[in-house]
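Dear colleague,

My notes on what was found in it follow.

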Amino acid sequence: MLFHTLLLLIWTTRFASGFSSTKSAPPTTAASSDTTDTTTSNDHHNKHGKTIVIVGGGVGGLAVAARLASKFPSHNIQMVEKNDRIGGRCGSFTTTSTEGTFRHERGPSLLLLPQVYRDVFTYCSHGKTAEDYGLVMEQCIPAYQVVFDDGDCIDLGFPKTTTTATTTTSQEAESRSRDKMNAYEEHGAEKWDAYLKTTSAYLDCGLPNFIEEKLDLPSFPAFLIESLQDFAKVCTK
Ligand SMILES: Cc1cc2nc3c(=O)[nH]c(=O)nc-3n(C[C@H](O)[C@H](O)[C@H](O)COP(=O)(O)OP(=O)(O)OC[C@H]3O[C@@H](n4cnc5c(N)ncnc54)[C@H](O)[C@@H]3O)c2cc1C
């Protein structure tokens with residue numbers, strides 16, 4: 001849902017001087033019947049810079065288009081999208097059967113790294129925030145729930161520190177979940193903690209060094225220790 005809101009906001013506000021989109025196929029429908037086609041003849045005539053074409057209207061293409069339109073107001077930014085909707089993997093659809101109506105996520109169900117999304121708004125609007133555009137991101141506690149065949153479920157994804165009024169409720173829910181993990185598997189909660197520690201080390205090192213490409217040497221020791229431990233676990237099996 002939040003992904004949707006962001007995509008719609010990026011799309012409808014079209015930041016700065018804007019960018020245009022069109023479906024790439026079939027080409028004959030791009031001009032008049034395509035609801036995502038926001039190109040007008042004035043859009044083209046008012047631009048004296050280069051034409052930049054972005055292929056794919058997923059969240060990545062949308063963010064790039066918004067940033068380019070903001071940075072190069074005289075350029076004509078065009079986006080081509082093969083589907084009849086933008087958003088790429090972000091989105092959902094519903095199916096109805098005799099057992100009820102079910103919503104399926106096409107891809108992401110968790111919004112990770114909210115700051116990356118906030119940065120797009122700040123960059124493109126020269127200082128305004130995502131909240132200024134009505135996009136308020138709130139942490140879900142717990143982040144998600146695993147439901148088993150028999151209806152039993154485990155809540156997962158509690159913040160490391162809780163300082164709000166929900167502290168007690170949140171701690172109680174987490175404690176119940178940990179008890180269930182232990183009931184399902186010996187030392188289940190401890191194993192969960194170890195798994196989170198490993199994946200946190202991977203993220204803490206992977207994000208700056210490999211995704212943001214900002215060298216962060218202090219994050220390497222924990223990453224290496226966890227990697228070696230993982231490797232050792234595989235070797236001893
Ligand atoms: C099952 C699943 C679960 C995920 N869960 C999460 C999650 O919980 N949290 C999270 O942050 N991320 C999650 N992700 C990752 C996230 O979905 C992707 O990182 C993100 O959607 C990628 O965005 P994108 O714009 O790079 O690519 P896409 O979303 O794939 O967008 C690409 C777009 O390009 C279009 N396109 C492709 N080829 C052409 C062409 N030749 N001409 C025109 N258009 C074209 C496609 O139609 C599509 O609209 C998940 C992914 C999957 C598959």
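Where is the place of His126? His126 sits in the loop between helix 4 and strand 6; helices (H or I, at least four residues) and strands (E, at least two) are DSSP runs, numbered from the N terminus.

Two conventions apply throughout. This is a predicted model, in which local features need pLDDT of at least 70 and side-chain atom pairs count only at pLDDT 80 or more, while totals for chains, interfaces and linings use all residues. Residues are numbered from 1 along each chain as its sequence is written.

Backbone geometry

Most residues other than glycine have a negative phi, and most peptide bonds are trans. His126 has a positive phi, near 55°, and is a residue other than glycine. His126 is exposed, with 9 other C-beta atoms within 10 Å. The classes rest on C-beta atoms placed from the backbone: a residue is buried if 20 or more others lie within 10 Å of its own, exposed if 12 or fewer, and partly exposed in between.

The loop between helix 4 (114–125) and strand 6 also holds Pro142, which a cis peptide bond joins to Ile141, with omega about -5°. Leu113 belongs to the loop between strand 5 (100–105) and helix 4. The phi of Leu113 is likewise positive, near 50°, and Leu113 is exposed, with 11 other C-beta atoms within 10 Å.

Overall organisation

The protein chain contains seven helices and seven strands, and along the sequence these follow the pattern α-β-α-β-α-β-β-β-α-β-β-α-α-α. Of its 237 residues, 14% count as buried. Among contacts in the protein chain with a separation of 6 or more, 51% involve residues 24 or more positions apart; two residues are in contact if their C-beta atoms, placed from the backbone, lie within 7 Å.

The ligand shell

The ligand is surrounded by 20 residues, of which Gly56, Gly58, Gly60, Gly88 and Pro108 are the closest. A residue is near a molecule or strand if its C-beta atom, placed from the backbone, lies within 6 Å of it. Helix 3 (59–71) and strand 3 (76–81) each provide at least two residues of this shell, and helix 3 contributes the largest share, three residues. By class, the shell has seven nonpolar, 10 polar and three charged residues. Here Ala, Val, Leu, Ile, Met, Phe, Trp, Tyr, Cys and Pro count as nonpolar, Asp, Glu, Lys and Arg as charged, and the others, Gly among them, as polar.

Helices 5 and 6

Helix 5 (residues 167–184) packs against helix 6 (residues 188–211) at an angle of about 110°, with the axes 6 Å apart. The two helices are therefore roughly perpendicular, a term for angles of 65 to 115 degrees. Axes are lines fitted to C-alpha atoms, for helices over the stretch in contact, and angles run from 0 to 180 degrees between N-to-C directions. From helix 5, Arg178, Met181, Asn182 and Tyr184 meet Gly188, Ala189 and Trp192 of helix 6. This contact comprises four nonpolar, two polar and one charged residues.

Helix 6 also includes Gly206, which is partly exposed, with 14 other C-beta atoms within 10 Å.

The hairpin

Strand 6 (residues 144–147) and strand 7 (residues 153–156) pair in the antiparallel sense over four bridges; pairing requires that DSSP find at least two bridges between two strands. Val147 stands opposite Cys153 of strand 7. The two strands form a hairpin with five residues between them, and Gly151 in the turn has a positive phi of about 95°.

With kind regards

Notes:
Angles under 35 degrees count as roughly parallel, over 145 as roughly antiparallel, 65 to 115 as roughly perpendicular and the rest as oblique.
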